[in-house]
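User: I am new to this structure and would be grateful for a close look at a single part of it. Please describe the nonpolar core and its surroundings in a connected account.

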Amino acid sequence: AVRLEETATLPLLSLSFQVAIRNRRTKSIWLYSHRALEEVLVEDILRECEQGDTILILQLNKRYALPHHEIQIQGGC
């Protein structure tokens, strides 16, 4: 869904996804977005996180790969 060029990465189409959060302490996963999204403000997700939590991006179309789907929250949340 992107074209990789030498100096830029250009989006070709929007892909739907959902967001979940894995709690560091309990290891439980809960769904942040109950509907399909094409964009989201990270600041909104971070309000629901604790330090050490993980944000998970859930790809809804198995035809596309998302190799980096986990975002570890280090601090500042």
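**The pocket, the core and a buried serine**

Analyst: In this predicted model, the largest pocket has 14 lining residues, and those nearest its centre are A1, V2, L13, S14 and L15. The volume of this pocket is about 340 Å³. Its lining is made up of 10 nonpolar, 3 polar and 1 charged residues.

The part requested is the largest nonpolar core, which consists of 8 residues: F17, V19, I21, L37, I45, C49, I55 and I73. Strand β3, spanning residues 17-22, supplies the largest share of this core, with 3 residues.

When neighbours within four places in sequence are set aside, I55 is in contact with V19, A20, I45, L46, C49, H69, E70, I71 and I73. Among these partners, V19, I45, C49 and I73 are themselves listed in the core.

S33 counts as buried because its relative accessibility is 5%, and the cut-off for buried is under 20%. Apart from neighbours within four places in sequence, S33 is in contact with Q18 and V19. A polar atom of the S33 side chain lies 2.7 Å from the backbone nitrogen of V19.

Notes: Residues numbered from 1 in each chain as written. Predicted model: local features only at pLDDT ≥ 70, side-chain atom pairs only at ≥ 80, totals over all residues. Heavy atoms only, no water. Core = buried A, V, L, I, M, F, W, Y, C linked by side-chain atoms within 4.5 Å. Buried < 20%, exposed > 50% of the residue type's maximum accessible area, 1.4 Å probe, protein only. Helix = DSSP H or I, 4+ residues; strand = E, 2+ residues; numbered from the N terminus. Contact = heavy atoms within 4.5 Å. 1 Å grid on protein atoms, 1.4 Å probe; cavity = no way out; pocket = protein on both sides within 12 Å on 5 of 7 lines; lining within 4 Å. Points joined across faces, edges and corners; volume = space filled by probe spheres on them. Nonpolar A, V, L, I, M, F, W, Y, C, P; charged D, E, K, R; others polar. Polar contact = N/O pair within 3.5 Å; in protein donor to acceptor, adjacent residues only side chain to side chain.
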